[in-house]
Amino acid sequence: MGVDPPALRGFVPLRIQEPFLGSDGMGGPDPVRSFERWKKQYTKRKNKLRLQRKQHKRPEWQLEREHIARLEQQYPEINTNEIVRFSDFPLSKKTLKGLQEAEYRMVTEIQRQTIGLALQGKDVLGAAKTGSGKTLSFIVPALETLYRQQWTAMDGLGVLIISPTRELAYQTFEVLRKVGKNHDFSAGLIIGGKDLKQESNTIHQLNILICTPGRLLQLGSKNPISIQPVFLIPVLDEADRILDMGFADTMNAIIENLPKNRQTLLFSATQTKSVKDLARLSLKDPEYIWVHEKAKFSTPATLEQNYIVCELQQKICMLYSFLRSHLHKKSIVFFASCKEVQYLFRVFCRLRPGIPMLALHGKQQQMKRMEVYNDFVRKKSAVLFATDVSARGLDFPAVNWVIQFDCPEDANTYIHRVGRTARYKEGGEALLILLPSEEKGMVEQLSQRKVPVNNIKINPEKLVDVQKKMQAFLAQDQELKERAQRCFVSYLRSVYLMKNKEVFDVFKLPLAEYAISLGLAVPPRVRFLQKAQKQVSVTESMESKGHLEGQDEDIGSSIENEKAEECSEKTSVQTVEKEEVEEEKVVGKFSIEASDTEGDLSQEQTESEEDAAISGIPKTDPMQFFDDDDDEDYKDLDLLTVKRHNVFGLEVEDFTALTAPNLKLKKKATKTQEAKKVLKRKFKVNTKVIFTEDGELIQQCPPAQKSIVDKPEEEVSGGINLDKARERLQAEDKFDKEEYRKKVKEKHRVSLVLHQEGYVETEEEGGRVLPRTLGGTAGEGVLGGQPGGDGHGYWGRDRPGEVCSQGEGRESGEAG
Ligand SMILES: Nc1ncnc2c1ncn2[C@@H]1O[C@H](COP(=O)(O)OP(=O)(O)OP(=O)(O)O)[C@@H](O)[C@H]1O
């Protein structure tokens, strides 16, 4: 009941209703019996098969091995021309699944050309434009190699990926995590900023390690065994950077420790072709893949690149105006030094351009760096002020603009910086700000490297002047002022350390105007510049006198030493990852320099502020001050787009002409000229006079002369007569010396008398035992405050309850 007999389900009844004719003609065998027979046979066969399958079943590893063997068989047959998708490569299911889940299906050109070679076990040097997918070109073969070798946690380190910066290492780790999530390998990110001991304990558990060179060396020296596996794939991301001077020592030490049995992969948008570099790595028959070698341009086709020529003192206003007119965009602004980023970031935050501001540089704490990095990744519109720590490899999504506030060191740095936009088929724009002195050299370099840049003009009418606001900020905030000073020094130093002297000439920079543009009234003293200037003039004068012959060696060696020093300094400036450690030293120097000058500065500054007023250096600018809340101005600024070639239809001359009155500040007068001016004006020095109770007149300011020399006539005539002033000072000096001599004599006389008479009586006064001495009440001596006194004279008075020793008491009470 409840279950329909087959007859009622519609197909069996048809047969049953047929008249059944058996072999005997009387109905045949019983269908139930034949069904049972069939069933028995079927079950027997099924059991037999199951048994057979059970007997033949192989362990998973064995099956995997067979799968690997099949994959390996296909490696020699990889035809790059036929590869369109990742699935066209003989890859493991786990990797393919990971790629699919991360939505990577079609391969890019560099991936198509390099993955196959890397799978075949070759050393590969891959170069392709920025944002063309080089990361997957080494992650996929790295995963496959470990898979192929059935690597387990017990096997230790198998892949070592070295990145020049922490952020890039972190980013690579994230890609690896996405693509390799179906594999069972352990991967770790070791980039510093954490406990070294903890990191060195975990390193031996890792199969894939992503790290920065400095940290790796630190770990290697602590735990060398853990990074010396039997087989290893070292991957150098941004290889040219890692192999350059900045990391030279570190990398040499690391390379020395790498196992001989290795397959090396090197990738960069600007690959090293240096035979020396490659020899250091002992590559075995490496395959060079320069994907875009024959391309018309070495930057992405979707990138629009422009440059403007701008005076140094106009750059800040230019940047501010630019940001105000690109409020809904995502931009990165590159600066030459950390100190510049630190100061300008702060000051721009105060200027409130109306767009979220972020700053990323090597002097930040690791946590802060990660926070900023992630923040900028998430934001739809924001501005990131950065040093070259962010120039390479970082894949911030949807960056619209890259602005190079300071000229890059060379074309390679330019290419990496602009590569932060227009990534993987997206569009982007880049703006390079050049000083007039930098234009020729830099533009030439860029065209040699096949970088297409257009010269565009800015509309001076649309520039917003923020100088006065900045001056006001600095006047209120001492710390900000110090930052501005450091920014000044640090920028000059960065220019000074640049190798290419055709482009970078620190001596051509308008220092006074630059300082004013930062909000400073006077340029801080820059010692290294003074020294360099001296050196240059000494060399020049010696050359002109023809005295060089005998001293060639000395000068040569001193210059060489200097160059070597420069080079090492440069190295520390360039070394992005080392910035955290090394920069402290350089920075230390900077801050010492800045603080050294501090004392002088404050004095010089007030002087020069006055001087500026006297010599007529304009503190105001005819350009209008931008009001943050003014909507009209805001709308107007939207018109300012540095987008199209010659968008404002102005020629350079027009621009110079228009800005000339604003830009050309009066040449700073020398001190002698200023002094002469002051003399001409016959200023009178203000005096302050007070009267004692007895009606006696005392001049307090300027301090009355103690000497008996005649009163100077200058008081009447005004100004300073240097000769007379000198005479007066000498007389003053003579007078002081005589006074002092008298006091010393008196002191000797008193001690002689005391010695002869003995020191007999003491007097209790307020709990202290004071010697009764010559010249009035004990302890009221004035010696401590006079020339020759050492301060001890005050002890009797200032330390109640203290028992003075004889000597002290005498001193304190003496000469009252
Ligand atoms: N096959 C692919 N399919 C889709 N997107 C891809 C593919 N390969 C890479 N990408 C994407 O392209 C972007 C750039 O990739 P990647 O960071 O690897 O470039 P890169 O060549 O290393 O750049 P750089 O030279 O700046 O370091 C990334 O957002 C990445 O996700």
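Residues are numbered from 1 along each chain as its sequence is written. In this predicted model, local features need pLDDT of at least 70 and side-chain atom pairs count only at pLDDT 80 or more, while totals for chains, interfaces and linings use all residues.

**Overall**

- The protein has 30 helices and 18 strands. Helices (H or I, at least four residues) and strands (E, at least two) are DSSP runs, numbered from the N terminus.
- Of its 816 residues, 37% count as buried. Buried means that 20 or more other C-beta atoms lie within 10 Å of the residue's own; exposed means 12 or fewer, and partly exposed lies in between, with C-beta atoms placed from the backbone.
- Take contacts between residues at least 6 apart in sequence: 75% join residues at least 24 apart. A contact needs C-beta atoms, placed from the backbone, within 7 Å.

**Ligand shell**

- The ligand is surrounded by 19 residues. The closest are G133, K134, T135, G393 and Y424. A residue counts as near if its C-beta atom, placed from the backbone, lies within 6 Å of the molecule.
- Helix α6 (residues 134–148) gives the largest share of this shell, 3 residues.
- By class, the shell has 9 polar, 7 nonpolar and 3 charged residues. Ala, Val, Leu, Ile, Met, Phe, Trp, Tyr, Cys and Pro count as nonpolar, Asp, Glu, Lys and Arg as charged, and the others, Gly among them, as polar.

**Sheet with β1 to β7**

- This open sheet of 7 strands runs in the order β3-β4-β2-β5-β6-β1-β7, with parallel pairing. Two strands pair if DSSP finds at least two bridges between them.
- β3 (187–190) and β7 (287–290) are the edge strands; each has a single partner, so one side of each is left without a neighbour in the sheet.
- On average, neighbouring strands here are turned by 10 degrees against each other, direction ignored. Axes are lines fitted to C-alpha atoms, for helices over the stretch in contact, and angles run from 0 to 180 degrees between N-to-C directions.
- β2 (residues 159–162) pairs with β5 (residues 233–237) in the parallel sense over 4 bridges. V159 has I233 as its bridge partner.
- β2 and β4 also run parallel, joined by 4 bridges.
- Helix α7 (residues 166–179) lies across β2, β3, β4 (208–211) and β5. α7 runs at about 150 degrees to β4.

**Sheet with β8 to β14**

- A further open sheet has 7 strands with parallel pairing, in the order β10-β11-β9-β12-β13-β8-β14.
- Its edges are β10 (357–360) and β14 (454–455); each has a single partner strand, so one side of each lacks a neighbour in the sheet.
- β8 (residues 303–309) and β14 run parallel, joined by 2 bridges. N306 stands opposite N454 in β14.
- Helix α14 (residues 338–351) lies across β10 and β11 (382–386), at about 170 degrees to β10.

**Helix α2**

- α2 (residues 31–56) has 26 residues and reaches 37 Å from its first C-alpha to its last. That is close to the 38 Å expected at 1.5 Å a residue. The expected span is 1.5 Å times one less than the number of residues.
- α2 is hardly covered: its count of buried residues is 0.

Notes: Two residues are in contact if their C-beta atoms, placed from the backbone, lie within 7 Å.
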